[in-house]
Every structure is written in structure tokens, then in C-alpha cells.
Amino acid sequence: MPEIKAATLDDAPVLAAIGAEVWTGTYQRDGVSPFFAEYVLSTFTSANMHALLNDENEQLFVCALQDGLVGYIRLSLNSKGEHPDCTGPEIATLYVQPRHHGKGIGAKLLNAAYSSALEHGRRSVWLTTNSENEPAIGFYKNQSFAHVGEMEYPIGDRTYTNHVFVRKLDEQP
């Protein structure tokens with residue numbers, strides 16, 4: 001049975017491994033280039049995860065199964081989006097290992113983020129996802145997120161179009 005709980009510093013290397021696995025599998029469909037390999041290896045590190053876990057403006061929750069973690073969500077309490085509807089905290093990351101998709105883990109992690117946002121007096125959350133990530137777009141729409149616009153996501157000297165989604169927390173899915 002999946003257990004959702006707050007992430008701890010001991011989880012940092014596992015969060016980095018899950019992040020690298022999910023990001024690479026989602027966005028590197030036609031092979032991994034040196035440019036993106038460097039991005040993944042410099043972004044998904046234990047040190048970066050430790051820094052997030054030590055930041056009071058970041059809330060991380062994990063999903064644990066019997067043998068370890070299979071996903072996590074990161075809620076950034078003070079993130080500011082470019083779109084005017086981005087007034088609540090940002091769901092900066094929601095990663096679930098692909099072999100665990102379709103088991104309700106993403107929805108359970110979202111519920112943990114919603115509870116945390118409400119505890120901090122926030123009434124909505126927002127997120128972005130790559131405009132070509134159809135599975136994620138469908139998932140967020142099924143979770144009552146509204147598509148409100150676009151923003152560009154920079155990686156190095158390149159930019160990628162992301163859809164912006166908002167969910168009001170007083171609405172039931």
C-alpha cells in the first residue's frame with residue numbers, strides 16, 4: 001500500500017535518482033544528447049535535493065512502497081509565475097516512476113501538496129508542463145487543473161514551451 005509522507009534529508013539521493021530517471025525517460029525519447037546529459041547530471045543531484053529539503057519555502061512529499069520510494073512532489077510556496085493566474089504556490093515537480101503510473105500515486109501526491117498549500121493559507125496551486133507531454137497534460141486535466149496559458153522554460157541557451165495550469169483548491173475533482 002502506498003504511503004505518502006514528508007521527505008527527509010535521507011531521501012535526497014533517491015529523489016535525485018527518481019528525478020533523473022523520470023526526466024530522461026519523459027523528454028529524451030530519441031536518445032540522450034551530451035547537452036541534456038549534462039543538464040540531468042547537474043540538476044538531479046543529492047546536493048541539490050538536500051538544498052531543497054533544507055529550504056523552508058519548499059515542501060517535498062514522497063510515495064513509499066515496501067522496498068523504497070517511487071515518486072515525489074515538490075511544492076514551492078513562494079514561486080512566482082509569469083502568468084497572472086499563478087498566484088498560489090507552484091507544484092514545481094511531480095515525478096512518479098513510469099512503471100508505477102496509473103496506480104493513483106500522482107493523485108495521492110497532489111493531495112499532499114493541496115493539504116500543505118491550504119495549511120499555508122493558499123487557495124490555489126499552479127504548475128507547468130512541457131507542451132508536448134500529452135500524458136501529463138491529460139493527467140492534470142483529469143485532476144481539475146485549468147490550462148490558463150503558456151510560458152517558456154529555459155535550459156541552457158534553449159527555451160521550450162510549457163503549458164501553465166492552475167487548480168483552485170476549493171473545487172473537488
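## Aromatic pairs and a cluster

Two rings of Phe, Tyr or Trp (for Trp, its six-membered ring) form a pair if their centres lie within 6.5 Å, and the pair counts as stacked with planes under 30 degrees apart, as edge-to-face over 60 and as tilted for the rest. Trp23, Phe35, Phe36, Tyr39 and Tyr160 make up one aromatic cluster in this sense. The structure is a predicted model, in which local features need pLDDT of at least 70 and side-chain atom pairs count only at pLDDT 80 or more, while totals for chains, interfaces and linings use all residues. Residues are numbered from 1 along each chain as its sequence is written, and side-chain values use heavy atoms, with hydrogens and water left out.

The count of aromatic pairs comes to 9. In one of them, the ring centres of Tyr72 and Tyr95 are 5.8 Å apart and the planes stand at 85 degrees, so the pair is edge-to-face. Tyr72 belongs to strand β3 and Tyr95 to strand β4, 23 residues apart, and the pair thus links distant parts of the chain; helices (H or I, at least four residues) and strands (E, at least two) are DSSP runs numbered from the N terminus. Tyr72 is buried at 2% relative accessibility, and Tyr95 is buried at 13%, where buried means under 20% relative accessible area, exposed over 50% and partly exposed in between (1.4 Å probe, protein chains only).

## A charge over a ring

Arg158 lies over the face of Phe35, at 3.9 Å from the ring centre; the rule asks for NZ of Lys or CZ of Arg within 6 Å of the ring centre and within 35 degrees of the ring normal.

## Salt bridges

With a salt bridge taken as a side-chain nitrogen of Lys or Arg within 4 Å of a carboxyl oxygen of Asp or Glu, the count comes to 2. Arg74 is joined to Glu58, with the closest N and O atoms 2.7 Å apart. Since Arg74 lies in strand β3 and Glu58 in strand β2, the pair ties together parts that are 16 residues apart in sequence. Arg74 is buried, at 19% relative accessibility, and Glu58 is buried at 14%.

Arg99 forms a salt bridge with Glu21, and here the closest N and O atoms are 3.1 Å apart. This pair links distant parts of the chain, with Arg99 in the loop between β4 (90–96) and α4 (105–119) and Glu21 in helix α1, 78 residues apart. Arg99 is exposed, with a relative accessible area of 54%, whereas Glu21 is partly exposed at 30%.
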